[in-house]
Amino acid sequence: MADFQQVRKNMVNGQISINGVIIPEILEAFENTPRELFVPEKYKNLACNDEDIPLGRGRFILEPSVHAKMIQALEPKADDVVLEIGGGTGYGAAILSSLVSTVVVTESEPECIAKAQKLWDSLGLCNIAVFEGPLAKGNPEHGPYDSIIIKGAVSSVPEQILEQLNEGGQLICVIKAAEKNTGQVTLFKKLSGERQYSSYPLFDAATPYLQGFEPKETFHF
């Protein structure tokens, strides 16, 4: 049987820290959160590989180095309220739970929600709230948020999601053009004033599209 504690330590040392993630609390979260529990049984021994792990139903766990760099870019603070869009089986929220005050998760798949809730309960994580609904809507009812993370590539960020940020709040996601294999992890920041945002690319990532955020089909005549 694999020593998953050691496997996770190797993941942090060999994939995450060497890619520029230096915040100790983030490194500890990735080392101590049992990633192997959040993936299907057939992927358990591959859970800490530096690749996206499919969960079924169009969901996946982001590859560790990309995931950790995205979280570091948000500069999470202990009193932050964070929205995670496309929570899957709950791994991302479990990582964030030790870094921020509250994690709000929106997920459209009931099976994912049920598994996530069971795992959070088993790990004693009580600062996570999950809500079922369309991912592209975000979760305006419980905002505004200090940070938003979209757990997959998007063709563009809906305005209604950006509007859920606090002033000075940040959103991070992978922007990927149609028919491209690689997108750019992009950080958005809400400026003072209504509907004013800055954005800039951080690094490349070959991340799959999150359901509901794919490019719209266009018809050519």
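**Close-up views of a predicted model**

**View 1. Aromatic rings around Tyr91.** In this predicted model, the count of aromatic pairs comes to 2. One of them joins Phe30 and Tyr91, whose rings lie 6.3 Å centre to centre with 75° between the planes, an edge-to-face arrangement. This pair links distant parts of the chain, since Phe30 belongs to helix α2 and Tyr91 to helix α4, 61 residues apart. The rings of Phe38 and Tyr91 have centres 5.6 Å apart and planes at 65°, so this pair, too, is edge-to-face. Because Phe38 lies in the loop between α2 and β1 (53-56) while Tyr91 is in helix α4, the pair ties together parts that are 53 residues apart in sequence. Phe30, Phe38 and Tyr91 thus form one aromatic cluster, in which Phe30 is buried, Phe38 is buried with a relative accessible area of 0%, and Tyr91 counts as buried at 2% relative accessibility.

**View 2. The buried face of helix α1.** Within helix α1, which spans residues 4-16, the buried residues are Phe4, Arg8, Met11, Val12, Gln15 and Ile16. Seen down the helix axis, the buried residues of α1 fall within an arc of 110°, so they line one face of the helix. The packing partners of these buried residues are α2 (24-32), α3 (64-74) and α4 (91-97).

**View 3. The nonpolar cores.** The largest nonpolar core holds 48 residues, of which Ile16, Phe30, Met70, Ile71, Trp120, Ile172 and Val185 touch the most other members. Helix α3 gives the most to this core, contributing 6 residues. Apart from this core lies another, made of 17 residues, among them Val104, Leu135, Phe188 and Phe213. Returning to Ile172, and leaving aside residues up to four places away in sequence, its contacts include Met70, Ala73, Leu74, Ile148, Val185 and Leu202.

**View 4. Lysines over aromatic rings.** Lys69 lies over the face of Phe203, at 3.9 Å from the ring centre. Elsewhere, the charged end of Lys176 sits over the ring of Tyr209, 4.6 Å from the centre of that ring.

View 5. A search of the whole structure finds 0 disulfides. Cys112 is in no disulfide, and the nearest cysteine sulfur, which belongs to Cys48, is 19 Å away. Cys112 is buried, with a relative accessible area of 5%, and Cys173 is also buried, with a relative accessible area of 0%.

Note on methods: Residues numbered from 1 in each chain as written. Predicted model: local features only at pLDDT ≥ 70, side-chain atom pairs only at ≥ 80, totals over all residues. Heavy atoms only, no water. Buried < 20%, exposed > 50% of the residue type's maximum accessible area, 1.4 Å probe, protein only. Helix = DSSP H or I, 4+ residues; strand = E, 2+ residues; numbered from the N terminus. Arc of directions from axis to C-beta. Contact = heavy atoms within 4.5 Å. Disulfide = S-S within 2.5 Å. Core = buried A, V, L, I, M, F, W, Y, C linked by side-chain atoms within 4.5 Å. Phe/Tyr/Trp six-rings, centres within 6.5 Å; stacked < 30°, edge-to-face > 60°. Lys NZ or Arg CZ within 6 Å of the ring centre and 35° of its normal.
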